[in-house]
Amino acid sequence: MNIVVVVKLVPDLVEELTVDASGTALDTSWLRRIINEFDDHAVEQGILLKERSGGQVTVLAPDVEGADDILFTAAAKGADRLLKLSGDFGSGVNNHALARALSTTIKDLKADLVLTGVQAHDDSDGPIGPLLAEFLGMAYLGYVAGLSVQEAKVTARKEYPGGLVAEMEVDLPAVLGIQASEKPPRYVAVSKVRQAMQTAKLESQAAPAWDMSGGLPVARMFQPEAASRATLIEGDAEAVSSRLVEILKEAGVL
Amino acid sequence: MPFRETFWNIPHWAEIGQYVVAALTIVVFLYGTFLRFRRLRAGRPAGRKGRFGARLWSLLTQAVGQFRTAQEPYPGIMHLGIFWGMLALLAGTALATVDWDVTRLFFGFQFLEGGAYLVFELILDVLGLAALVGLALAAYRRYVIKPVRLQDIPLPGAAGEDAIVLLALLFVVISGYLVEGLRIAILRPDWANWSPVGNAIAAAFASMGEPAARGLHVGVWVAHGLAAFTLLASMPFTKLFHIVAAPVNIFFAPTDPPATLTPARTEGDPGVKVLKDFTWKQLLDFGTCIRCGRCQDQCPAYASGLGLSPRDLMVKLAGHLWEKSNGRALHGQVVKPEELWACSTCRACVQACPVFTDQLSTIVDLRRHLVIDGQMDGRLQEALANLGRYGNSFGQSERARAKWTQPIQTKIKDARREPVEVLWFLGDYASYNAALSDVSRKTAEIFQRAGLDFGILYDSERNAGNDARRAGEEGLFEMLREKNEAVLTKCTFKSVVTTDPHTYNALKHEYPSLVGNGRPVMHVAELMDDLISSGRLKLGKRLNYRVTYHDPCYLGRYNGVYRAPRRVIEATGCSLVEMPRHGARAFCCGAGGGRIWMDEGTVKERPSESRIREAMALDGVQVFAVACPKDLTMYQDALKTAGPGGRMAVRDLIELVHEAL
Amino acid sequence: MSQDVYVAIEHVQGQVADISYVMLRAARELATRAGGGVVAILMGHQASGLAEAMAADRVIYFDHPALKEFTPEAYQRVLAGLIHDDSPRALLLGNTTIGSDVASVLSARLGIPLVSSCRTVSPDGKLVVQTCGGKIMAEVELAATTTLVTVIPGGYSPEEGKGAKAPEVVTRQAPALEGLRVRLSKYIEPEAGDVDISKESVLVAVGRGIQQEGNLELAEELAKALGGTVCASRPVVDQGWLPVSRLVGKSGKRVNPKLYLALGISGAPEHVEALTDSETIIAVNTDPAAPIFSVAKYGSTVDLFELVPVLTERIRGAKTS
């Protein structure tokens, strides 16, 4: 079974995020890019499927800073092929453009199943999964947490609010948007990643010119107003508790 | 003239028989010993080298003098009695053999006669009695007192073996006295008084007729001989093998700093997956362990009910070493992951062991495999992932590392940009933890008052890696060390100071650029001790607190720093009162070895709470002083649950010094 | 192209999801500026009654057995045909397990632009979208042609999207819905929890900051003193410390208590979006920059392990006095 996992890198929310001088994009000077958490789950799910029923796992990532490490880590977990999509990522590439470029590569890979994270927190034009599906002519199902593969289809568990789950059948080949892998993404020891750096090969493919149509330009980017922040109660535990009791009385809870 | 009645009353067949059995015994003993040691060849090289003199000294004090065994009075007296007693009796028999079969036959003289013989008899009788008393004490301890550490040994047949060996030893000693007593009763030599015990026994047989006594004498002599030879021959196959193994193990014990772990292999799995991945020295450890349980008594994980017993670990591994491969897996069946993760690497077990086994390096080596295999709880995985990505276990940005310095008026020097005399390496907790930032600022103030030329690495500092290494993530440790050393090599400094004992341990022993090149690594307690005693730091106020001090594991047990922090406390004018478990016997807070990052699991009683209770039991203690940021966090938490009542406060050494400025 | 704003209604097992009403309210903003109306697009089977409470000018209803419950391809086909035929000003879908599966496919298939994670409409008619976990906001203008928008909760309350008068329902012919590649086999109900947190009026929520399972007791005590229940954000439920029935969030339950006390919760969007209907939110987190403080009314940066025991005592005291 030929499994392809598409991985994106997103800004690390641990850092302070600021808007650049143009006022329409993020300031990238201190930005650190890390793997999109849901894509990490997608990689894990791909590896789990391979461990369960065999197959090959190819991991695709855009060629930006930090991608190498992510791909080698995937190799250390058991991925077979590592591919980077190279191009000019400088001024930002939206999901439509990325999906178009990736779909040519994935067509050549003859994938049976494409896995990617259900969303990424820097998505501005919708998640990449359904776009890939449409450009590849495949079916799409998102919010998948758990799946099993049969002959020419997949049985997937789709998460709804309130803990409800819909069991759905999806004909292969298909693209799935992963919400959660069946087991949490495994930890890979640094020594294993370093060994993968020696043995695994990173392949690169040039992206055609970006076609960003489908996304819309940002008119203004800003940090949410400070005004909408909570009233912080000063003092130690005793002082805060006293004030809170008052507030609770006012709220009619006490 | 007094002389020895060798083989008196012993028929010829028995005399010959004895030599035959003796020869057999030696063969079986040697073969058994050979078999036992041959098993060790399966292990990896251990790289033991040099330090011959230190090893000999260790052999003398620990194998012969048994200093560690003697740490506890009851077992100490008991074991030394048995050891010296049996050794003496064995030596006596050997001397008698030499006297009769060597010097007499080949050189025509005997030395066991006259005064020499009398002294010989007296010493043997007295020491034999010591053996008897020791054995009686042992029996009483094992079967009446029944200490916890001797119960539930996880080895089939262990309890039976313990009983049989004890009985056999008792039988040998008692039968030996009986033989002597019977002989004296019949022969009534003039020098009988020189064998006080034998003489006393002889009195009991005074009424027995000579033929009966002679018959009994032969019978008991044969029984004694058979028992003794059986005991000796079976030694390689019973727990008594420790008589041979312990001195060997003590001789080859590590002489490196206590911090040192097994060097990790660079290819493949750096940990231990199957038995043969252990070093031969570790395999010897398992074989030497005499399941005395002292390690278990000291272990904080065991005390909190976490399912780890260092004793059980060694016993199970020994069992695994000897069992005919019945397909049991080392990981999962012999040893469970929970056991291995429960360890806080406090090293109390290694320090307690009278035969010098290193339980800790075994645990870490097994952990290394668990890490490769991904068998860790979610919280530990997250902490390690954060260390890898951000260089700290909190998952906070590197750029936030020096945020604690913001409120400080005079900017602290940046050691990356300018040379400093003392490079202050803070560690994660002192930098990122909001509650501890205050202590860090007080430290800076103390340094400034003392006129110290110091600087920090700001956001280039990374976790020193001590606990990542002890959690078994060798690769992560190397990566962190690389990053730190890359920064350190560009800095100019004369010494390093740190407020965190774990960081102290790693920097002092495991950072090649700092080890032994003239730039000492100090803990802040050592530095303050130096500054105070040299007068560079003047303390204006005298605090009158009654203080008890908790020795951090990585400062005390690992690095022997006990006096400096205490001097500092006393210099502030406080009075020091010691907890029962203090100094090298301090009881770990339970946070080390990565435990602070892990799921706590189900605990009976947290080690930190037990420690707080220990302190509260002391009269009038106002301050529980610590010298480690993790200790400060752990004990402040423990105080909330174990010690409501507000009388005792947990303070860092630095806070006391700051208050006394 | 019409100036009407269409809203793709979401419903599961016969219940209209709150996001649908939020979208209707958002659509009203856009429609007023465009000079058109709000049209609810309802796809279902024998489900026209679901449109009763909607604040829409009219409802376009597609009835087909294959539309009884949501499947992505069925919705995609209906909506693609609808957009092709009607060219509305905009089509709003939920940024949810239903809407997200459909929106991007429509964008790629029809070659029309898509803007995701829209929270509100700005005074000058721009879409205000949320990114980077709520740390960054952006304003995007609608394209000149039909624009697809996915909407997140929190900007408007569902009540604002409900109307007193049931709108007119116009039935249209659904396209062929055979040969769907994605099919619903069955729903798996969540295990019946002991409590239904969506009905509780006092909730004490715990997040990652609670650190250990053993510390849940603190929260339980506080909840008991307040007469409420303990609920949690995803990290706590993922660890297995509390059942899924206590999960508040996108994949869990939406709650609307009088008091929501968040302990050690950072405030990730997936969690926050489910508690925006709470009357009073109080957050306790040692990190003053935590996003939870953007939705909370009151907050404190005191360590929860110090605060909660004291607070519990005070509350007990206040109740007995």
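Select strand 1 (413-414) and strand 3 (residues 454-456) of chain B: these two run parallel and are joined by 2 bridges, where strands (E, at least two residues) and helices (H or I, at least four) are DSSP runs numbered from the N terminus, and two strands count as paired if DSSP finds at least two bridges between them. Within this pair, Lys413(B) has Gly455(B) of strand 3 of chain B as its bridge partner. The model is predicted, so local features need pLDDT of at least 70 and side-chain atom pairs count only at pLDDT 80 or more, while totals for chains, interfaces and linings use all residues. Residues are numbered from 1 along each chain as its sequence is written, and chains are lettered from A, with ligands numbered from 1, in the order in which they are written.

Now widen the selection to the sheet. In chain B, 5 strands make an open sheet with parallel pairing, in the order 1-3-2-4-5. Its edge strands, each pairing on one side only, are strand 1 (413-414) and strand 5 (521-523) of chain B.

Helix 21 (residues 501-510) of chain B touches strand 2 (422-425), strand 4 (495-498) and strand 5 of chain B, and its direction makes about 165° with that of strand 5 of chain B; contact requires C-beta atoms, placed from the backbone, within 7 Å, and axes are lines fitted to C-alpha atoms, for helices over the stretch in contact, with angles running from 0 to 180 degrees between N-to-C directions. Helix 22 (residues 524-533) of chain B touches strand 4 and strand 5 of chain B, and its direction makes about 85° with that of strand 5 of chain B.

Then colour chain B by domain: domain 1 (12-39 + 47-250), domain 2 (266-375), domain 3 (392-533) and domain 4 (546-659), with bounds from an automatic or database domain assignment. The centres of domain 3 and domain 4 of chain B, taken over C-alpha atoms, are separated by 22 Å, and 27 residues of domain 3 are in contact with 27 residues of domain 4 of chain B. On the side of domain 3 that touches domain 4 of chain B, the elements giving two or more residues are helix 17 (428-432), helix 18 (434-449), helix 19 (466-470), helix 21 and helix 22 of chain B.

Finally, select helix 1 (residues 12-38) and helix 7 (residues 210-234) of chain B, which pack at an angle of about 10° with their axes 8 Å apart.

Key: Two residues are in contact if their C-beta atoms, placed from the backbone, lie within 7 Å.
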